[in-house]
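Q: I'd like to learn how to read a model like this one, feature by feature. Could we look at it together?

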Amino acid sequence: MKLLVVVDMQNDFIDGALGTKEAVSIVDRVKEKLSSYQNVKDCVVFTRDTHRTDYLNTQEGKNLPVEHCIIGTDGWQITPELCTQAARIIDKPTFGSMELASYIQEQKDLESVELVGLCTDICVISNALLIKAAVPEIPVIVDAACCAGVTPESHQNALSAMEMCQIQIRNKP
C-alpha cells in the first residue's frame with residue numbers, strides 16, 4: 001500500500017489569512033495527485049492545522065501573530081476542491097503531527113509515504129522528518145510540484161534540507 005499525506009490544504013493557507021499565489025497555483029496539481037491515489041485505492045490522509053480562539057496567546061501565535069485555521073471557521077476547512085469522504089483527517093495543533101507519525105508506524109505493508117501540501121518550509125518538512133524518523137526503512141517522498149512554501153526561496157531551502165535527510169524529492173524545479 002502507498003500512502004498520500006495531504007498537508008494543510010486549508011482555505012487560510014491557500015487564499016485566506018496566510019494565502020499566497022504559489023499556494024493557489026498547486027491546488028489543481030494536488031487534486032490530480034489525490035485522484036491518482038484514490039483511483040488505485042491507495043490510502044490518503046489529510047492533516048488540518050487546528051488552532052483555538054486563544055491562538056495569539058500560544059507560543060506559535062507569539063511568533064506568528066496572524067490568526068489562522070481557527071477551529072470551526074471557513075479558513076480552517078480543507079479547500080472544497082480536495083474534500084473527500086474516503087480520507088482520514090488528522091487535526092494537529094502545531095507544525096508536525098506525532099499522531100500522524102504513530103498512525104503511519106501502525107500501517108502494515110506500507111510501500112511508501114508521499115507528502116504534498118502547505119507549507120513546504122514549515123508543516124511539510126516537519127511532518128516529513130517525523131515520518132522519516134518513525135519509519136526509517138520506508139521511502140518518504142515529497143512532490144515539489146505539489147507543495148508551496150511561505151516564499152519560493154524558503155520552499156527551495158526546505159526541499160534541500162529534506163533531501164539531505166534522505167527524503168526523496170520529486171519534480172524538483
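Q: How much accessible surface does the protein have, and what share of it belongs to carbon and sulfur atoms?

A: Accessible areas come from the Shrake-Rupley method with a 1.4 Å probe, and for residues only the protein chains shown count as cover. Here the total is about 8500 Å², and carbon and sulfur atoms hold 52% of it. Keep in mind that this is a predicted model, where local features need pLDDT of at least 70, side-chain atom pairs count only at pLDDT 80 or more, and totals for chains, interfaces and linings use all residues. Residues are numbered from 1 along each chain as its sequence is written, and side-chain values use heavy atoms, with hydrogens and water left out.

Q: Is E114 buried or exposed?

A: Buried means under 20% relative accessible area, exposed over 50%, and partly exposed in between (1.4 Å probe, protein chains only). E114, in strand 4 (residues 112-118), is buried at 2%. A contact means heavy atoms within 4.5 Å; leaving aside residues up to four places away in sequence, E114 touches L3, L4, V5, K33, Y37, I141, D143 and R170.

Q: Which peptide bond is cis, with omega near -25 degrees?

A: Look at the bond from L118 to C119. C119 sits in the loop between strand 4 and helix 5 (120-134).

Q: What is the phi of K41, and what is that of D109?

A: K41 is not a glycine, yet its phi is positive, about 65 degrees. K41 lies in the loop between helix 2 (21-39) and strand 2 (43-49) and is exposed, with 74% relative accessible area. D109 also has a positive phi without being glycine, near 60 degrees. The loop between helix 4 (98-106) and strand 4 holds D109, which is exposed at 69%.

Definitions and conventions
Helices (H or I, at least four residues) and strands (E, at least two) are DSSP runs, numbered from the N terminus.
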